[in-house]
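Hi,

Here is the structure I promised to pass on.

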Amino acid sequence: MKDGTPIWGKRHIEGPGVWVSCVKGKEKQVVGEVYEVFESIASEIWPRPSDSMVSDSDNDEEDTNLSLEDQIAKEVSAMKKPRNADPQQRFAPVDPVELVVKHVQRIQATAVTRTRYVHRLVPVSNSCVANLPEIQALCRTVFKTFFDQHPDQKFKYKIELRIRNHTTITRQTLIEHVAACVPVDHTVDLNDPEIFILVEVFKSICGVAIVKDYYKLQKFNVMEIANKSKSNAEESSRVPKAQRDVEEPNQAPKAQPEATVTGNE
């Protein structure tokens with residue numbers, strides 16, 4: 001309703017998870033891609049008894065000894081592995097923020113996304129119906145969980161709000177109500193925040209999470225992260241200009257290729 005009160009008869013989604021934006025028309029393929037990637041990462045972070053008996057330390061040591069090309073080849077090989085026809089569902093608690101951060105950090109290191117159609121990932125610690133009373137209740141729960149893990153730290157924060165296909169609550173009203181749920185010991189800093197409060201509203205659903213390094217990780221846009229990593233790798237592999245001028249004094253310097261950044265957001 002216009003005043004934001006719940007409409008209990010409407011169908012909605014609840015619980016933690018990861019929202020994914022992708023190429024239009026490729027939603028079905030994206031489900032399979034994301035399932036494979038997240039299941040692989042989750043088995044490393046939260047291994048089940050049936051998972052591989054190889055320890056994480058062994059895997060990390062093996063990856064460290066590999067060259068960048070071999071690491072990329074390994075990631076591509078993992079992406080091409082067929083999905084288990086009858087996978088065992090993972091019922092253990094999974095932290096969407098840790099899952100997404102682990103994935104994008106790996107993309108940053110290897111420039112391999114392991115997906116073809118995914119644009120952006122949005123971790124959601126929990127979700128609710130998009131009305132002010134429930135959003136504030138959700139924020140208090142999510143905020144308490146995060147700040148209780150850092151009892152002696154005072155954070156500078158910024159609210160990152162995205163509203164799509166929703167006209168009931170205005171942007172300014174929602175920001176004010178979310179900010180009211182943050183403990184008073186923490187302060188707003190729009191220029192140099194230490195943490196980001198992600199608030200995503202899509203139609204009648206609202207999701208909330210707290211993350212770090214949001215801008216440094218390109219707002220979890222996997223294509224932008226991969227393209228930036230490739231560009232940095234190409235830049236570091238180029239011969240320094242001073243050395244090139246000495247080696248090729250009579251040749252004009254070659255034009256440097258530009259990195260192509262794709263993806264929405």
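Some ground rules first. This is a predicted model, so to speak of a local feature I needed pLDDT of at least 70, and side-chain atom pairs count only at pLDDT 80 or more, while totals for chains, interfaces and linings use all residues. Residues are numbered from 1 along each chain as its sequence is written, and side-chain values use heavy atoms, with hydrogens and water left out.

**The whole chain**

Helices (H or I, at least four residues) and strands (E, at least two) are DSSP runs, numbered from the N terminus. The chain has 265 residues, and 36% of them count as buried. Buried here is under 20% relative accessible area, exposed is over 50%, and partly exposed is in between, with a 1.4 Å probe and protein chains only. If you take the contacts (heavy atoms within 4.5 Å) between residues at least 6 apart in sequence, 80% join residues at least 24 apart.

**Helix H4**

H4 has 15 residues and spans 21 Å from its first C-alpha to its last, close to the expected 21 Å at 1.5 Å a residue. That expected span is 1.5 Å times one less than the number of residues. The buried residues of H4 include Pro 96, Leu 99, His 103, Arg 106 and Thr 110. After H4 comes Ala 111, with a positive phi near 65 degrees.

**H4 against H7**

H4 (residues 96-110) packs with H7 (residues 222-237) at an angle of about 25 degrees, and their axes are 8 Å apart. That makes H4 roughly parallel to H7. For these values, axes are lines fitted to C-alpha atoms, for helices over the stretch in contact, and angles run from 0 to 180 degrees between N-to-C directions. Under 35 degrees counts as roughly parallel, over 145 as roughly antiparallel, 65 to 115 as roughly perpendicular and the rest as oblique.

On the H4 side you'll find His 103, Val 104, Ile 107 and Gln 108, which meet Val 222, Ile 225, Ala 226 and Ser 229 of H7. The residues of this contact split into 5 nonpolar, 3 polar and no charged.

H7 itself has 16 residues and reaches 23 Å between its first and last C-alpha, close to the expected 22 Å. Where it starts, a side-chain oxygen of Asn 221 comes within 3.3 Å of the backbone nitrogen of Met 223. Among the buried residues of H7 are Met 223, Glu 224 and Asn 227, and the cover over its buried residues includes H4 and strand E2 (118-124).

**H4 against H1**

With H1 (residues 27-45), H4 packs at an angle of about 105 degrees, the axes being 10 Å apart. That makes H1 roughly perpendicular to H4. The residues making this contact include Phe 38, Ile 41 and Glu 44 of H1 and Leu 99, Lys 102 and Arg 106 of H4. Here the residues divide into 7 nonpolar, 1 polar and 4 charged.

- Val 112 sits in the loop and is buried, at 10% relative accessible area. Its C-alpha is 9.3 Å from that of Ile 225, 113 residues away along the chain.
- Arg 114, also in the loop, has a positive phi near 65 degrees without being a glycine. Arg 114 is buried, with a relative accessible area of 9%.
- Tyr 117 belongs to the loop too and is partly exposed, at 23%. Tyr 117 and Val 30 are 87 residues apart in sequence but 6.3 Å apart, C-alpha to C-alpha. Leaving out residues up to four places away in sequence, Tyr 117 touches Ser 21, Cys 22, Val 23, Lys 26, Gln 29, Val 30 and Glu 33.

Cheers

Definitions and conventions. Ala, Val, Leu, Ile, Met, Phe, Trp, Tyr, Cys and Pro count as nonpolar, Asp, Glu, Lys and Arg as charged, and the others, Gly among them, as polar. A polar contact is a pair of N or O atoms within 3.5 Å; within protein, one must be able to donate a hydrogen and the other to accept it, and residues adjacent in sequence count only if both atoms are side-chain atoms.
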